[in-house]
Amino acid sequence: GMIDEGVLAFAMGMVSTFGIFAYFILLEGMWNGQTIGKKALNVRVRMADGTPVPFAAALYRNLLRPADF
């Protein structure tokens, strides 16, 4: 049978949300603290002491991003 539209909408929302988080976590964590936009503007995420952001810090930073709103 067909997949219920509500289930499909929920699944698409989860995939979209995961993709957004994954984009920031992976790029900031593995690409020297930069996303594509940050790289274009020559901006990068750094730790408070100026050292490069480790992957774990990029993960926590982006998982806590919704708390800012």
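How many residues does α1 have, and how far does α1 reach from its first C-alpha to its last? α1 has 26 residues and reaches 36 Å, close to the 38 Å expected at 1.5 Å a residue; the expected span is 1.5 Å times one less than the number of residues. This is a predicted model, in which local features need pLDDT of at least 70, side-chain atom pairs count only at pLDDT 80 or more, and totals for chains, interfaces and linings use all residues. Residues are numbered from 1 along each chain as its sequence is written, and side-chain values use heavy atoms, with hydrogens and water left out.

**Overall form**

- The chain has three helices and zero strands, where helices (H or I, at least four residues) and strands (E, at least two) are DSSP runs numbered from the N terminus.
- The radius of gyration of the chain is 16 Å, well over the 11 Å that the globule rule gives for 69 residues, so the chain is more spread out than a compact globule.
- That radius is taken over C-alpha atoms, and the globule rule is 2.2 Å times the number of residues to the power 0.38.
- The C-alpha trace spans about 55 × 25 × 20 Å along its principal axes.

**Burial and surface**

- Of the 69 residues, 19% count as buried (under 20% relative accessible area, with exposed over 50% and partly exposed in between, for a 1.4 Å probe and protein chains only).
- The accessible surface comes to about 5,300 Å², and 71% of it belongs to carbon and sulfur atoms; areas come from the Shrake-Rupley method with a 1.4 Å probe, and for residues only the protein chains shown count as cover.

**α1 and what follows**

- A22, I25, E28 and G29 are buried in α1.
- The buried residues of α1 pack against α2 and α3 (55–63), with contact meaning heavy atoms within 4.5 Å.

**T35**

- T35 is found in the loop between α1 (5–30) and α2 (36–40).
- T35 counts as buried because its relative accessible area is 4%.
- Apart from neighbours within four places in sequence, T35 is in contact with Y23, F24, L27 and E28.

**I3**

- I3 lies in the segment before α1.
- Its relative accessibility is 58%, so I3 counts as exposed.
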